[in-house]
Amino acid sequence: MALIILIGLVVVIGGYFVATQRSLVSLDELCKNALSQIEVQLNSRWDAVLALAKTAAQYAKHESETLVEVIQQRRGEQINTPEAINDQSSALNQVMGRLIAIGEAYPDLKAADLYKETMDGVKQYEENVRMSRMIYNDTATKMNRMVRQWPSSIVASLLHFVEKAYLKVDEEQKKSYPNLDDAFKK
């Protein structure tokens, strides 16, 4: 009888171990996928910003050439960590701030249909990135709970699963973000 109880206990523990391992792997893959989605959205946003810089080139040749060079350098960088995503977002926002300033300096540019359409595209990509960041953080929260809560933390530590870093935006960085709605005012 004790042997049957022992075998039953081993089967239950083994089943729990396998189920927990599968859940951890699934969440880990969802986190990787979410980071990949953010990379795709950021690259699309870089493309839209590049189109905006090329549009602005007609009005402010030197400034836009510099921006085009910066965009082309940053656009190809690999983004596979939360820190890299934060760096890319910060760089994008700096470039957008400069492009908005060019738009402010040249009212004809700001009134151009291509400029307006491109700005709308940039805003849409910005929203896509925001949503992708939220999905990543939600998935990271689920993963981190499993890694930290008992008894799944035992399985996680045995299989070397670790907590995922969150994507964060500090208050100073938020203040430096350009308000794209302001680009259409005046």
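Predicted model: local features only at pLDDT ≥ 70, side-chain atom pairs only at ≥ 80, totals over all residues.
**Figure 1. Proline 151 sits in the loop between α5 (113–148) and α6.** Tryptophan 150 and proline 151 are joined by a cis peptide bond, with omega at about 5°. That deserves a second look, because most peptide bonds are trans.

**Figure 2. Histidine 160 lies in the loop between α6 and α7.** Here the backbone is again the thing to look at. The phi of histidine 160 is near 65°, a positive value in a residue other than glycine. For context, most residues other than glycine have a negative phi. Is histidine 160 buried or exposed? With a relative accessible area of 67%, histidine 160 is exposed, because the cut-off for that class is over 50%.

**Figure 3. Threonine 20 is a buried residue of helix α1.** The relative accessible area of threonine 20 is 5%, so this residue falls under the 20% limit for buried. Which residues does threonine 20 touch, leaving out those up to four places away in sequence? They are Met146, Ser152 and Val155. Across the whole protein of 186 residues, 37% count as buried.

**Figure 4. Helix α1 packs against helix α3.** This view brings together residues 2–56 (α1) and residues 82–105 (α3), whose axes are 11 Å apart and meet at an angle of about 20°. An angle under 35° counts as roughly parallel, so α1 and α3 are roughly parallel to each other. The crossing of α1 past α3 is left-handed. On the α1 side, the contact is made by Leu35, Ile38, Leu42, Arg45, Trp46, Val49, Leu52, Ala53 and Ala56. From α3 come Pro82, Ile85, Gln88, Ser89, Ala91, Leu92, Asn93, Val95, Met96, Leu99 and Ile102. Sorted by class, the α1 and α3 contact holds 16 nonpolar, three polar and one charged residues.

**Figure 5. Helix α3 also crosses helix α5.** The axes of α3 and α5 come within 13 Å, and the crossing angle is roughly 160°. What is the orientation of α3 and α5 to each other? Angles over 145° count as roughly antiparallel, so that is the description for this pair. As it passes α5, α3 makes a left-handed crossing. Helix α3 brings Pro82, Ile85, Asn86, Ser89, Asn93, Met96, Leu99, Ile100 and Gly103 to the contact, while α5 brings Tyr115, Met119, Val122, Glu126, Arg133 and Tyr136. These residues of α3 and α5 divide into nine nonpolar, four polar and two charged.

**Figure 6. The whole protein has seven helices and zero strands.** Among contacts with a separation of 6 or more, 79% are between residues 24 or more positions apart. The mean pLDDT of the protein is 78, and 79% of its residues reach 70 or more.

Definitions and conventions:
Residues numbered from 1 in each chain as written. Heavy atoms only, no water. Axes fitted to C-alpha atoms, helices over the stretch in contact; angles between N-to-C directions. Helix = DSSP H or I, 4+ residues; strand = E, 2+ residues; numbered from the N terminus. Parallel < 35°, antiparallel > 145°, perpendicular 65-115°, else oblique. Left-handed = near helix turned anticlockwise from the far one by under 90°. Contact = heavy atoms within 4.5 Å. Nonpolar A, V, L, I, M, F, W, Y, C, P; charged D, E, K, R; others polar. pLDDT = per-residue confidence, 0-100. Buried < 20%, exposed > 50% of the residue type's maximum accessible area, 1.4 Å probe, protein only.
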